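Reader: I am new to this structure. Could you take me through some of its residues, one question at a time?

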Amino acid sequence: MAGLVAFQDAFMSGNTLDGKDFSDFEARRLRYEIMWALYENTVFRNVHKWADAYKSEYGLYKFIRNVYNPAYRIGEFWKGHLYGGQLDPAAGDGKKAPSVMPIITDNDQLRPALATLWRDSNWQIQKDILSLWGPVLGDSIIRVIDDPVKGRVSLRITHPGTLKNVTLDPWGNVKGYVIEENRHYDDGTKKIKVYREECERDGDYVVYKTFLDDKPWSELPGEPNEWEEAYGFVPMIKVMHNNVGLDWGWSELFPGIGKFREVDDLASKLSDQVRKMVDAPWLLSGVDSPANNPKTRLLGGATGIPGAKVTSTPEVATNGRRNQKGREEVPTLYAGPGANAIALVAPLSISETSAYIESILKDIEKDYPELAINMQNVQGDISGRALRINQQPVTEKVMQRRANYDDAVVRAQQMAIAIGGFRKYKGYEGFNLDSFKAGKLDHSIGARPVFGRDPLDDLDLEAKLWEVAKQAKDADIPIDIYLERQNWEQKYIDRVLNSPAYKAKLEALNNLSNPPDPANLGGIKNRFSKTSNDPANNPDDNKAQ
């Protein structure tokens with residue numbers, strides 16, 4: 001695999017009518033490297049061969065640094081909110097044991113198979129890599145690895161920069177691919193070799209070919225470099241983080257890069273301007289230049305007295321050269337007698353410049369509500385309702401992104417379990433390659449909260465639920481209808497309806513609505529018979545008389 005090509009701005013933009021440059025293998029690899037450099041805060045450093053061309057293309061300050069760059073915070077947010085947290089080792093539905101991947105299925109036989117797959121895949125770690133690479137790079141790849149030697153199947157997250165080519169059907173299923181990556185083999189040469197893996201469908205068979213430096217090669221000595229498997233599908237899923245209609249996805253960082261650069265450019269210049277004001281250049285009169293008199297050196301802050309000597313020297317790096325000397329250099333000009341010592345620093349309002357930078361930061365945080373969510377929630381004693389309102393834009397964004405990942409993970413798990421059953425690996429008993437058509441692999445990843453719940457907030461919601469329930473009762477809406485509309489499961493509604501307290505209350509209400517017949521009061525009627533026969537106590541009888 002050749003080295004990265006030179007930086008080109010065309011590689012950073014996608015055209016929905018002609019996305020050739022955006023989809024090109026070298027363009028993608030360069031884009032992935034830039035996105036990752038943003039995440040690790042090294043995008044402007046010369047450790048990258050393309051850094052100088054990148055700065056030149058956008059006319060950036062030559063000493064620009066990542067002063068604000070929010071890429072790390074954005075990457076960590078998505079890593080923590082797509083699948084951040086603990087898996088249930090039993091692959092449960094999230095009710096008995098919490099899980100960041102609650103499995104919803106009618107086939108409980110599927111749960112132990114998923115538990116086996118998660119354990120063999122080290123999925124607790126792999127899911128976090130998926131949650132980081134996808135948002136930062138824009139694409140991620142889930143491969144199903146069939147290992148007959150170890151007798152297991154697993155899921156592996158593969159860097160999208162190794163996927164040289166991929167062919168999809170109209171539904172997004174992979175029909176074929178070419179993986180190409182540099183590898184180091186301890187063969188005594190210490191040379192980097194290029195490994196290539198080709199895969200394509202041939203009817204119900206999947207044909208594999210492997211090469212090393214373009215020569216047929218096999219991982220296992222003596223084995224052929226070409227073989228086929230009767231899977232009926234190519235065991236790979238391509239995941240686009242933000243699908244905008246191109247062949248490859250958008251990184252979460254992609255639309256904000258221009259503003260990130262602008263803020264870093266301005267902030268770097270402002271920071272260096274402060275340095276210059278602290279060590280202001282001076283115009284000195286009546287003083288020989290040190291170039292004319294090497295034995296005499298002058299400080300930038302000297303008083304301008306001719307021949308003033310100093311014993312200190314400028315700080316130097318260990319290699320004898322000033323590091324980034326242009327940032328700290330204090331130029332000194334010399335003039336003839338009669339001139340004054342004048343500071344030669346261009347005026348700059350730090351407060352106004354800072355305010356301008358702050359305005360750009362606020363605009364970035366409008367584009368990325370996940371950056372501002374914590375600041376919104378520390379403004380005093382915020383109520384549960386206000387908290388939910390603040391979190392709503394972020395919640396909606398996470399839910400939209402999650403749907404794409406959940407679908408991809410489910411399809412990968414179905415492939416893996418089908419292969420495990422086909423190979424008769426331990427833990428996949430009862431499954432085979434026909435299990436998908438038979439509906440045995442049907443499952444989904446259930447809903448889970450984006451943000452952690454405060455127990456006090458839960459109590460507030462519970463109180464509100466029953467407050468509205470009382471209003472529903474007053475409007476003659478039956479409790480079971482109300483609870484059903486609140487998405488209660490029927491078994492819990494039945495427990496309310498069959499509870500002794502609810503039955504007793506219902507009977508009391510029924511008695512109030514239907515008072516007993518006086519003819520059936522028995523002794524109670526006789527007890528009050530005199531009062532009832534007294535005309536003074538019976539207005540109707542008085543009227544009759």
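Reader: Are Glu 370 and Lys 397 buried or exposed?

Author: The model is a predicted one. Buried here means under 20% relative accessible area. Glu 370 and Lys 397 are both buried.

Reader: How far apart are the closest N and O atoms of Glu 370 and Lys 397?

Author: Side chains of opposite charge can pair when their charged atoms come close. Glu 370 and Lys 397 form a salt bridge. Its closest N and O atoms are separated by 3.1 Å.

Reader: Which helices does the pair of Glu 370 and Lys 397 link?

Author: The two residues sit 27 apart, and the pair links distant parts of the chain. Glu 370 belongs to residues 369–376, and Lys 397 to residues 384–423. The helices are α10 for Glu 370 and α11 for Lys 397.

Reader: Which residues are linked with Glu 370 and Lys 397 in a network of salt bridges?

Author: Glu 370 and Lys 397 are bridged to each other. They also belong to a network of salt bridges.

Reader: How many salt bridges are found in the whole structure?

Author: The search covers the whole structure. One of the pairs is Asp 272 with Arg 65, at 3.1 Å from N to O. The number found is 25.

Reader: Where in the chain are Asp 272 and Arg 65?

Author: This pair links distant parts of the chain, 207 residues apart. Asp 272 is buried, because its relative accessible area is 1%. Asp 272 is in helix α7, and Arg 65 is in the loop between α3 and α4.

Reader: Why are Arg 29 and Glu 26 separated by about one helical turn?

Author: Their side chains meet in a salt bridge of 3.2 Å, N to O. Both residues are buried. The separation is about one turn because they are 3 residues apart in helix α2.

Reader: Which residues does Asp 265 contact, leaving aside neighbours within four places in sequence?

Author: Asp 265 lies in helix α7, residues 257–278. Asp 265 has a relative accessible area of 7%, so it counts as buried. Its contacts beyond those neighbours are Leu 60, Tyr 61 and Ile 64.

Reader: Which element gives the most to the nonpolar patch?

Author: The patch covers about 320 Å² of surface. Val 274, Met 277, Val 278 and Ile 350 make it. Met 277, one of them, is partly exposed, with a relative accessible area of 40%. With 3 residues, the element giving the most is α7.

Reader: Which elements give two or more residues to the negative patch?

Author: Glu 200, Asp 202, Glu 226 and Glu 228 gather on the surface in a patch of negative charge. The elements giving two or more residues are β6 (192–202) and β9 (226–229).

Reader: Is Glu 226 buried, partly exposed or exposed?

Author: Glu 226 is found in strand β9. Exposed would need over 50% relative accessible area, and buried under 20%. Glu 226 has 44%, so it counts as partly exposed.

Reader: What distance separates the C-alpha atoms of Leu 212 and Val 194?

Author: Leu 212 is in strand β7, residues 205–212. Leu 212 is buried, with a relative accessible area of 13%. Among the residues it touches are Val 194, Tyr 195 and Trp 217. Leu 212 and Val 194 are 18 residues apart along the chain, and their C-alpha atoms are separated by 5.6 Å.

Key
Residues numbered from 1 in each chain as written. Predicted model: local features only at pLDDT ≥ 70, side-chain atom pairs only at ≥ 80, totals over all residues. Heavy atoms only, no water. Patch = residues over 30% accessible without salt bridge, like charges linked within 9 Å, V, L, I, M, F, W, Y side chains within 5 Å. Areas by Shrake-Rupley, 256 points an atom, 1.4 Å probe, with all protein chains shown as cover. Salt bridge = Lys/Arg side-chain N within 4 Å of Asp/Glu carboxyl O. Lys, Arg positive; Asp, Glu negative; His and termini not counted. Charge placed at Lys NZ, Arg CZ, Asp CG, Glu CD. Helix = DSSP H or I, 4+ residues; strand = E, 2+ residues; numbered from the N terminus. Buried < 20%, exposed > 50% of the residue type's maximum accessible area, 1.4 Å probe, protein only. Contact = heavy atoms within 4.5 Å.
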